[in-house]
Amino acid sequence: MRICLLEDDLELGRSLQALLQNADHEVMWLRRIADARLWIAEGGFDAVVMDLGLPDGDGMELLRVLRRSHRKLPLIVITARDAIEDRLDGLDGGADDYLVKPFAGSELLARLRAVVRRTQGDGAEAQPAEWQLRDLVLDEPRMEVRRGVERVPLSRTEFTILLTLIKLPDRVVTRRQLENRAPCQMDGRSLDVHISNLRRKIGEGYIRTVRGVGYLVERGN
């Protein structure tokens, strides 16, 4: 599954990201409500695991917004707010499950499987299986890039970077957003290396650098 993890605590965030990745899930770890709004709006997640106490606002308001705009997206709250009133507010506000910290990783995985099971086959938000950028075709389920009948070999991280850019055509994706989206921990220098390798493999002219901000791809003709 593709999971959006919203947790501002660095130590816990790293632990949860590793837990979910070790269970063969693809994880996008975010730490701010503003970033979560952007990425969840683009779609493609199978579930959201989110804290409520966040540095740029109250997660309860985000929870209500997400439930209104993504009616069938599974939402699990993870929080230290353990009062019965808080639990009721969270569930009434749109959470499919409410897990109080500290909790066992195995319990989170089991609850995640349960809430996703309830939505499978019941009108879950559909996403394209393939994305096109001029003569390149990205097959998302197979994590494969083709030019005509020829396969372009990309690493998992390179594929994720290119897919992220293609899903937001003609829009600048910041370096921080790309680093957060990577399937493994990434810093600025390693991002530059991956972008360079990606350009070498797919060719110049697809990915444009916006100096000091990030990158974008243009739809073109």
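The legends below accompany several close-up views of a predicted model.

**View 1. The span that carries a domain annotation in UniProt, residues 2–116.** An unreviewed UniProt entry gives these residues the annotation "domain: Response regulatory".

**View 2. The salt bridge between Asp58 and Arg81.** The side chains of these two residues meet with a distance of 3.5 Å from N to O. The pair links distant parts of the chain, since Asp58 belongs to strand E5 (residues 57–58), while Arg81 sits in the loop between strand E6 (75–79) and helix H4 (84–92), 23 residues apart. Asp58 is partly exposed, with a relative accessible area of 39%, and Arg81 is also partly exposed, with a value of 28%.

**View 3. The salt bridge between Glu158 and Lys201.** Here the side chains meet at 2.8 Å, N to O, and the pair joins distant parts of the chain, with Glu158 in helix H6 (residues 156–166) and Lys201 in helix H8 (residues 188–202), 43 residues apart. Is Glu158 buried or exposed? Glu158 counts as buried because its relative accessibility is 4%, which is under the 20% limit. Lys201, by contrast, is partly exposed, at 29% relative accessibility.

**View 4. A network of salt bridges that includes Arg151 and Glu144.** The structure holds 20 salt bridges, and a network of them links Glu130, Asp139, Arg142, Glu144, Arg146 and Arg151. Within the pair formed by Arg151 and Glu144, the closest N and O atoms are 3.4 Å apart. Arg151 counts as partly exposed, with 47% relative accessibility.

**View 5. The largest nonpolar core and the surroundings of Ile207.** In soluble globular proteins, nonpolar side chains tend to be buried together. The largest nonpolar core of this model has 47 residues, of which Met50, Leu162, Ile202 and Ile207 touch the most other members. Helix H6 supplies the largest share of this core, namely six residues. Which residues are in contact with Ile207, if its neighbours within four places in sequence are left aside? They are Leu162, Leu165, Leu198, Arg199, Ile202, Tyr215, Leu216 and Val217.

**View 6. Another nonpolar core, of 17 residues.** This core lies apart from the largest one, and its members include Ile3, Leu5, Val49 and Ile78.

Methods. Residues are numbered from 1 along each chain as its sequence is written. This is a predicted model: local features need pLDDT of at least 70, side-chain atom pairs count only at pLDDT 80 or more; totals for chains, interfaces and linings use all residues. Side-chain values use heavy atoms; hydrogens and water are left out. A salt bridge is a side-chain nitrogen of Lys or Arg within 4 Å of a carboxyl oxygen of Asp or Glu. Helices (H or I, at least four residues) and strands (E, at least two) are DSSP runs, numbered from the N terminus. Buried means under 20% relative accessible area, exposed over 50%, partly exposed in between (1.4 Å probe, protein chains only). UniProt positions are given in the numbering used here, feature names are shortened, and annotations may be inferred rather than shown by experiment. A nonpolar core is a set of buried Ala, Val, Leu, Ile, Met, Phe, Trp, Tyr and Cys residues joined through side-chain atoms within 4.5 Å. Contact means heavy atoms within 4.5 Å.
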